Amino acid sequence: MKRRTLLSLSILLVPALAACAAAAEPVNGARVKREIEKTPEQWKKQLSPEAYNVLFEKGTERAFSGKYWNEHRDGVYACAACALLLFSSADKFESGTGWPSFTRPLDEKATEIVKDISYGMVREEVVCRRCGGHLGHVFDDGPKPTGKRYCMNSVSLAFTPKLEAVAKP
Ligand SMILES: [Zn+2]
């Protein structure tokens with residue numbers, strides 16, 4: 001009985017976990033020229049194996065495993081590969097998914113949306129416009145003001161906390 005409960009639970013959980021999982025291949029097949037392009041070897045030298053897997057092999061970190069889903073400090077999130085500023089803590093919200101979630105990018109031009117039809121779903125993949133690194137997906141079930149949920153991988157991001165104001169002596 002217990003085993004059956006666990007089994008049906010895991011079946012229920014699979015679609016939720018796959019919600020942030022990424023496509024293995026670009027869907028439209030178009031080769032987009034990026035401002036910053038490096039060979040896989042160059043990226044591998046620069047990035048951790050986990051970051052390389054998510055950013056350039058479209059992997060997904062496990063929910064609640066990344067370093068930013070529970071980050072609450074003020075600051076900005078840059079692309080972990082090319083350092084382009086992508087998100088602000090001002091747009092971050094508690095999604096309960098275990099991935100850092102934002103209502104919008106810092107600048108519309110910072111990210112790009114690519115249609116992703118992997119796993120039998122149609123989803124919108126979010127990539128860094130400058131290097132093409134995979135960041136996560138965007139969904140239409142976010143809170144106000146945009147109604148969007150940018151579901152990101154922590155490992156694709158590099159957070160810089162805002163400097164605290166220096167107290168006057
Ligand atoms: Zn980038």
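Welcome to this predicted model, which averages a pLDDT of 86, with 79% of the residues scoring at least 70.

**Stop 1**

Select residues 9-19, where pLDDT stays under 50 and the model has 2 contacts beyond four places in sequence. Then select residues 21-27: pLDDT stays under 50 here too, though the model has 19 contacts beyond four places in sequence for this stretch. Where pLDDT is low, the predicted coordinates should not be read in detail.

**Stop 2: the whole chain**

Switch to a cartoon view. Followed from the N terminus, the elements run α-α-α-β-β-β-β-β-β-β-β-β. The protein has 169 residues, of which 33% count as buried. Among contacts with a separation of 6 or more, 62% are between residues 24 or more positions apart.

**Stop 3: the six-stranded sheet**

Now bring up the open sheet of 6 strands, whose order is S3-S4-S8-S7-S6-S5, with antiparallel pairing. Its edge strands are S3 (92-93) and S5, each of which pairs on one side only. Strands of a sheet pair through backbone hydrogen bonds, either parallel or antiparallel.

Start with S5 (residues 111-116), which is joined to S6 by 6 bridges. Click on Glu112 to find its bridge partner in S6, Val127. The hairpin of S5 and S6 has 6 residues between the strands, and Tyr119 there takes a positive phi near 60 degrees.

Next, select S6 itself, residues 123-128.

On to S7 (residues 134-139), which runs antiparallel to S6 and is joined to it by 4 bridges. Show Glu125 and you will see His137 of S7 opposite. In the hairpin of S6 and S7, with 5 residues between the strands, look for Gly132, which has a positive phi near 80 degrees.

Elsewhere in the sheet, S4 (residues 101-102) and S8 (residues 149-152) pair in the antiparallel sense over 2 bridges. Select Phe102 here: Tyr150 in S8 stands opposite.

**Stop 4: S1 and its partners**

Select S1, residues 75-79, together with S9, residues 157-161; 5 bridges join these antiparallel strands. Val76 stands opposite Thr160 in S9.

S1 also pairs with S2 (residues 85-88), in the antiparallel sense and over 3 bridges. Which residue of S2 stands opposite Tyr77? Phe87 does. The hairpin of S1 and S2 has 5 residues between the strands, and in it Ala83 takes a positive phi near 70 degrees.

**Stop 5**

In soluble globular proteins, nonpolar side chains tend to be buried together. To explore this here, show the side chains of Cys79, Ala80, Ala81 and Cys128, which touch the most other members of the largest nonpolar core, a set of 28 residues. At least two core residues come from each of helix H3 (49-57), S1, S2, S6, S7 and S8. H3 supplies the largest share, 4 residues.

Beyond its neighbours within four places in sequence, Cys79 is in contact with Leu84, Leu86, Cys128, Arg130, Cys131, Gly133 and Ser156.

Methods. Residues numbered from 1 in each chain as written. Pairing = 2+ DSSP bridges. Buried ≥ 20, exposed ≤ 12 C-beta atoms within 10 Å, placed from the backbone. Contact = placed C-beta atoms within 7 Å. pLDDT = per-residue confidence, 0-100. Core = buried A, V, L, I, M, F, W, Y, C linked by C-beta atoms within 7 Å.
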